[in-house]
Amino acid sequence: MDSSIKRVALLGSTGSIGQQTLEIIRTFPQKFKVVALAAGRNVDLLVKQIQEFEPELVYSPLKLSLPRGKKYLTMEEIVSCPDVDIVVVATSGKIGLIPTLTALKTGKRVALANKEVLVMAGEMVIKTRQYEAQISPIDSEHSAIWQCLQGERDKVDRLFLTASGGPFYKYSFSHLAEVTAAEALQHPTWKMGRKVTIDSATLMNKGLEIIEAHWLFDIPFDKIEVIIHPQSIIHSVVEFTDKCLKAQLSLPDMRLPIQYALSYPERLSNPALPSLDLCQMSCLNFEPVDYDRFPCLRLAREAGEKGGTYPAVLCAADEVAVEFFLNNQINFMTIPKIIDRTLELHHSVEQPSLDEVLVADIWARETALRIAQEGSQ
Ligand code: MG
């Protein structure tokens, strides 16, 4: 094979980011080759992807009949394979954590879309990284900051993470208590999976992004701000020490950050990506974020600042609470209450090991479940 072709292992190939990653790879067959696919429940789509991309290696928790010559491996075996150059971690939840650590240990570049990896174990992940560009963020905000920082990494004053505000940003406190899962799943500017769409509506998504930004760019929490920007055109802003601001702009389309994470440091010309017509943008609005109406943002910031196993507990409790909300068992404003109560009951471990993070995760799931069941009766 042409040695300039990057060999990609894609974990989470059937999710939204996974499918868009394959779209980029399909557009640039001379640049990227899929050597491994891993997916969870969507077997039908995985089978189609295997037929199209013909990866050598496959992971699925359900046994499929693989074409001749293709091998089943675990995700850890896949990411340690010497035939892999880039690992795209497009899974969600804690499942991406161990494969990411293994990929970094074996010197692979990781294009990271799985938020929980850095939130649950940021310190461990950053310490395992062997050089800075070994992690390429796929999240649009972190990709924006990463792009703004090219060439001037150490003169940063503040980061501004932009947030669309989700579908309910203008709602009053009492109105928020009445919103349904179906309404929350209608995001105004981004098309995403169900869990992250609810996290965008509660602003937990932005809270997790604060913690991710802290670890990725080594910036203290009090220098990371969130601003509401409903148009989702500016994907984040860096303020430098001389007060110069740099921002990254583009139409909201995850294919751009995915493509940049794969092609870095190169930029590729992709005709499928829409051009932003600045004259069509009549205005770009910004406003401060309201921590009172969106308590998840405050809970995430506090958990990040306190560190230890608090962020892992935050993630796990949020997953449980969001599941209850999606099943119409609790109301929207009960989500932060469940997370808050779980965090209050937690005894954190400082500088946790991987095992301690995973134990905290299980404890938090059980605790949040009990609190949610009590609250939903
Ligand atoms: Mg984001």
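**A walk through the predicted model**

Helix α11, which spans residues 255-263, is mostly covered, with 8 of its 9 residues buried; buried here means under 20% relative accessible area, exposed over 50%, and partly exposed in between, with a 1.4 Å probe and protein chains only. The buried residues of α11 are Arg 255, Pro 257, Ile 258, Gln 259, Tyr 260, Ala 261, Leu 262 and Ser 263. Helices (H or I, at least four residues) and strands (E, at least two) are DSSP runs, numbered from the N terminus. This is a predicted model, in which local features need pLDDT of at least 70 and side-chain atom pairs count only at pLDDT 80 or more, while totals for chains, interfaces and linings use all residues. Residues are numbered from 1 along each chain as its sequence is written, and side-chain values use heavy atoms, with hydrogens and water left out.

In the loop between α11 and β12 (287-288) lies Pro 265, and the peptide bond that joins Tyr 264 to Pro 265 is cis, with omega about 5 degrees.

The magnesium ion has as its protein donors Asp 139 (OD), Glu 141 (OE) and Glu 209 (OE), which lie 2.1 to 2.2 Å from it. Donors are N, O and S atoms within 2.8 Å of the metal (3.2 Å for Na, K and Ca), and sites may look incomplete because water is not among the atoms. Along the chain, the donors of the magnesium ion follow the spacing D-x1-E-x67-E. Asp 139 lies in the loop between β7 (135-137) and α6 (140-148), whereas Glu 209 belongs to helix α10 (residues 204-217), so the pair ties together parts that are 70 residues apart in sequence. Asp 139 is buried at a relative accessible area of 11%, and Glu 209 also counts as buried, at 1%.

Two packed helices are described by the angle between their axes and the distance between the axes. The axes of α6 and α10 come within 10 Å and cross at roughly 30 degrees; axes are lines fitted to C-alpha atoms, for helices over the stretch in contact, and angles run from 0 to 180 degrees between N-to-C directions. That crossing makes α6 roughly parallel to α10, given that angles under 35 degrees count as roughly parallel, over 145 as roughly antiparallel, 65 to 115 as roughly perpendicular and the rest as oblique. Glu 141, His 142, Ile 145 and Trp 146 of α6 meet Lys 206, Glu 209, Glu 212, Ala 213, Leu 216 and Phe 217 of α10, where contact means heavy atoms within 4.5 Å.

A second pair is formed by helix α1 (residues 16-27) and helix α2 (residues 43-53), whose axes come within 13 Å and cross at roughly 15 degrees. These two helices are therefore roughly parallel to each other. Gln 19, Leu 22, Ile 25 and Arg 26 of α1 make the contact with Leu 45, Gln 49, Glu 52 and Phe 53 of α2.

Leu 203, in the loop between α9 (194-202) and α10, has a positive phi of about 70 degrees although it is not a glycine, and Leu 203 is buried, with a relative accessible area of 2%. Ser 232, found in the loop between β9 (224-228) and β10 (234-240), likewise has a positive phi, near 50 degrees, in a residue other than glycine; Ser 232 is buried at 5% relative accessible area.
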